[in-house]
Amino acid sequence: MPSLTSLEKARALLKSARRICVLTGAGVSAASGIQTFRDAGGLWENHSVAEVATPQGFADDPALVWRFYNARRKAADGASPNAAHLALARMELGLRRHGAARAAFALLTQNIDGLHQQAGSQNVIELHGSVWQVRCTDCGEISEDYPLELPVPARCDECGGRLRPNVVWFGEALDPAALQAAEAAVAECDLFLVVGTSALVQPAAAFPLLAGRRGAPVIEVNTELTPISVFAAVALKGPAETLLPQLL
Ligand code: BJW
Ligand code: ZN
């Protein structure tokens, strides 16, 4: 657990911040029972990244990919926001209560589970899409109107085309609107908080570094050290669900 002084330093930085940008990763949902990717027992231990998280993997075996995402949909459906999600929602609310505009708090998440929105966070930018949305590979229609477990292979109600999860796989570009909104938040923030990500996947991993280079202090909350830790003004080592409520 971090020393009181690093917690106090982080609290002081938060208190004086006017525009906060937060980046979250799978670690923030761990206490909700959602598996992370790269931790021991994580998703990448039992699944091949190339098979389930690339466009080629989907082209080769859509049924395998849909079984993976159906399981992810079931896991997210059974999960509730934890104290870390709730603390971040309260942080945004607190800033607003002091008269800040919507853009003064941006929550960039790599997670697809929707738990930040469920916790009450408002300005959420989903960098890697949403497990709740499906996209037709033929007509491009994005819809949430499908059963929890999609039939395999899943077909579009509109045109009969093949449906895929509306998420971002390796080698795919992020949604341009999401990327633009994220870049604007990174460029404008005066504090950057990064929580529960291994900070290995681009372009998300670059955001704290970009904000830091512009002069915004970076606070990291993670159970382990990451490439961000050495760069952060304060690196708080411990579970987000314990530390984030203590930060507020
Ligand atoms: C706790 C905790 C607790 C646990 N409390 N903490 C060099 C430069 C730029 C790009 C590249 C590059 N080399 C390669 C690339 C490309 C690639 C990339 O970054 N690869 C790296 C692996 C090297 N990036 C891409 O392909 C991206 N697209 C792109 O670059 O497009 C360019 C382009 C432009 C124009 C046209 C075409 C292309 C897309 C990346 C998409 C990533 N997708 C996934 C799957 C999403 C859907 C799904 O969820 O299924 O996203 S992969 C997976 O990793 C998922 C996650 O969002 C992402 C990040 O993982 P995250 O969240 O960090 O989880 P973990 O498990 O890694 O870490 C958990 C952390 O929590 C750990 O640190 C724990 O310690 C901690 N923790 N419990 C606090 N209780
Ligand atoms: Zn279609």
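Before you click anything, keep in mind that this is a predicted model.

**Stop 1: the ligand.** Select ligand 1 and show what surrounds it. There are 34 residues around ligand 1, and the nearest ones are Tyr69, Thr197, Ser198, Gln202 and Asn222. Colour that shell by class and you'll get 15 nonpolar, 13 polar and six charged residues.

Stop 2: Now zoom in on Tyr69. An N or O atom in the Tyr69 side chain is 2.5 Å from an oxygen atom of ligand 1. Next, pick Thr197: one of its polar side-chain atoms sits 2.6 Å from an oxygen atom of ligand 1. For Glu172, show the backbone, where an N or O atom lies 2.8 Å from a nitrogen atom of ligand 1. How much of ligand 1 does the protein bury? Taken alone, ligand 1 exposes 1,500 Å², and the protein buries 73% of that.

**Stop 3: the core.** Finally, select Leu193, Leu236 and Leu244. These have the most contacts inside the largest nonpolar core, a set of 26 residues. Among the elements giving two or more residues to this core are helix 1 (4–16), strand 7 (191–195), strand 9 (234–237) and helix 10. Which helix gives the largest share of this core? Click on helix 6: it provides five residues, the largest share.

Technical notes. Residues numbered from 1 in each chain as written. Chains lettered and ligands numbered in written order. Predicted model: local features only at pLDDT ≥ 70, side-chain atom pairs only at ≥ 80, totals over all residues. Heavy atoms only, no water. Near = heavy atom within 4 Å. Polar contact = N/O pair within 3.5 Å; in protein donor to acceptor, adjacent residues only side chain to side chain. Areas by Shrake-Rupley, 256 points an atom, 1.4 Å probe, with all protein chains shown as cover. Nonpolar A, V, L, I, M, F, W, Y, C, P; charged D, E, K, R; others polar. Core = buried A, V, L, I, M, F, W, Y, C linked by side-chain atoms within 4.5 Å. Buried < 20%, exposed > 50% of the residue type's maximum accessible area, 1.4 Å probe, protein only. Helix = DSSP H or I, 4+ residues; strand = E, 2+ residues; numbered from the N terminus.
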